[in-house]
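Student: I'm new to this one. Could you walk me through how to read it?

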Amino acid sequence: MKAWYCSETPYPDLPPEDAYESVRVTIPNSLYDPEVGAQIYADRIAEWCAADEAGLNVMVNEHHQTATCIVPAVPVMASALAVRTKQARILVLGNPIANRREPVRVAEEMAMIDNMCHGRLEVGFVRGVPYEAAPANITPADTTDRLWEAHDLIMRCWEERNEPFSWEGRHFSYRQVNVWPRPYQQPHPPVWVTTTSTPNADRIGGYGYVAATFLIGHVQAKKIFDAYRERRSRDGLDTPNDRLAYCALVYTGATEAEGRAGAQELLWYLTSNKVPIQFRNPPGYVPIAANVQAVRTGRVGPRPVGTDLDELIEQGIVFAGTADQVAGQLERFYERVGGFGHLLMLGHTGNMSHADAVRGIEHFASGVYPRVGAFSASAGAAA
Amino acid sequence: MDGFECVHGGDGTPLLYLHGMRSAPAQVAEALALLTARHRVIFPTIPGFGSAEAVDWVRSVDDVSYRYLEWLDAAELDRVVLVGSSIGAWLALEMATKCPANFPAVILASPLGIRTGPPDVRFYPDLFSMSPPEVDQLLWADPDAGALDLPALPDDELTAYLRDREALATYGWDPYFHTPSLVHRLSRISSPTLIVRGAADGLVAPEAVAVLQDGIPGSELVTIDGAGHFIDIEQPVRFAEVVTEFAANAIGENLAPPVGGRG
């Protein structure tokens, strides 16, 4: 199993929640202090470098118009890590290609970064969260279609060798496409796609990409992974564990108290997301049937996960405690979901200090990481 | 015609009634009944709204207008009173600017569809960034009367309502509730044209209808009290009166109550 350390690079220095309408889309940027922000960037980059030195891989992402993540341009952060890290593979998870206006530019950015880090890049594609329909101004009902058209175009950019091609699709048009540089890894870096639904897991399985799912607990994660495995099985193919990825909040301490205290800090990620309904559920983002369900249940999307640490650990949304405990929790999760090959570990959020983030990384790397091989021996190599 | 889902009824000069943000005929049953007393009323559902299937290539109000013009041609309807509300008025503008001769009277209630002014000034407030109570406040003279009790709706009506919402966003997200070129071809509308504005409409401001009135030669404006954006739902009697009177004058018909009509 590979571990990937990540932070969303939040800006936690906010007034009480009732002082703003939404932490996303409309939160005034007068609340952002560049002096504080500059230090946040420096600290997070230092943590990714610490993860690299500890033998972990790193993961970066982007969000827009939000204090929960001040990386609105993931290739900028990925390129910083491409030159600052030495060994780690760098996962961009991901490029919100449904919302990007220029997929060819995404192909160029990723190819360039892959060269800058001598082929250590892994490229994720994501549809983007619903709150980003407004900032990106993309018709919500079009986003799934745009994701897959952009995907088709980007893959063609990387695979085309002979001559410029043209593309006049439903959403994107180009008259001469001829990407320089081409990726360092041939024909292209490993591809990841995120999913929260079984039909989408099936589709990703059809391509054989890594399917990644986030913070949904072992019950839902197994459904997603099973859908992927069933698709591969229908296609007459096996599913090596390295095709399946899961993201959780992870904090490993020297003591149980330290591990749990770190995890409590990470819960900021779950609790600091005040977003009004019009941004959480723009018309067309989820299917009509899901909206019928939302009216019937009074709730959009899955049931909230709560903030009880023991319950979150039980579900596999948080892995926390001593190295022994985290390894045990991971092993149990691994068995419950039928195996998986990538742990995306959100190890810093909110107000966690740089020193605490680095301690969590080091305890995981020295105490947990060497042991995951024992229960995930069947994990294959990355494609 | 395939994909042209509509209800219709009545006799007299044909009247094409293009729905607003809510597509269900039941929502405007009273207005429909009053109009049907004088006209052969055709009330189609825009593709993607209500129970009407979406059509893959129909992605804009401009696309819908060609579909409807094609349908009128096929039905040999070349002299039709054109009435639209909200997005339906936007569609009516698209149709009337393309084939002005086919529509002897054009009635635009709460009209969307155009835009002028500086890029950083909203021509229509951003409905999609407002909370549901804010939306109700903006769109209704009486928000309590207009708001639907969604959990109480049966599945088919709830589904149709949610499809209305999604279709509105799909046609109107970007460009926001307008066709950029439309404002530049308004002068093609040569028939008598009436613009109807609900006095409490927070979405279509007086300034917005003024732009329309300036652009359409000889167009008239009526403001209806006690109505917001959904004039045909909040003031159906007044709405039907205004429509039938204007249409009768435009096409030179006598407004004596028809036999059996509801007058």
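Student: Why does G262(A) count as buried?

Tutor: The idea is to count neighbours: a residue is buried if 20 or more other C-beta atoms lie within 10 Å of its own, exposed if 12 or fewer, and partly exposed in between, with C-beta atoms placed from the backbone. G262(A) has 24 C-beta neighbours inside 10 Å, so it counts as buried. Keep in mind that this is a predicted model, where local features need pLDDT of at least 70, side-chain atom pairs count only at pLDDT 80 or more, and totals for chains, interfaces and linings use all residues. Residues are numbered from 1 along each chain as its sequence is written, while chains are lettered from A and ligands numbered from 1 in the order in which they are written.

Student: Where is G262(A) placed, and which residues is it in contact with?

Tutor: Helices (H or I, at least four residues) and strands (E, at least two) are DSSP runs, numbered from the N terminus. G262(A) sits in helix 8 (residues 256-266) of chain A. Two residues are in contact if their C-beta atoms, placed from the backbone, lie within 7 Å. Leaving aside neighbours within four places in sequence, G262(A) is in contact with Y251(A), G253(A), A320(A), D356(A) and G360(A). The C-alpha atoms of G262(A) and G360(A) are separated by 7.7 Å, though the two are 98 residues apart along the chain.

Student: How do I check a helix's span?

Tutor: The expected span is 1.5 Å times one less than the number of residues. Helix 3 (residues 87-98) of chain B has 12 residues and should span 16 Å; its end C-alpha atoms are 17 Å apart, which agrees.

Student: Is helix 3 of chain B largely enclosed or exposed?

Tutor: Largely enclosed by the rest of the structure, because 11 of its 12 residues are buried. Among them are W90(B), L91(B) and M95(B). The buried residues of helix 3 of chain B pack against several elements of chain B, including strand 2 (14-18) and helix 6 (155-172).

Student: And how many residues of chain A are in contact with chain B?

Tutor: 16 residues of chain A are in contact with 19 residues of chain B. Helix 11 of chain A gives the largest share of chain A's side, 5 residues. By class, that side has 10 nonpolar, 5 polar and 1 charged residues. Here Ala, Val, Leu, Ile, Met, Phe, Trp, Tyr, Cys and Pro count as nonpolar, Asp, Glu, Lys and Arg as charged, and the others, Gly among them, as polar.
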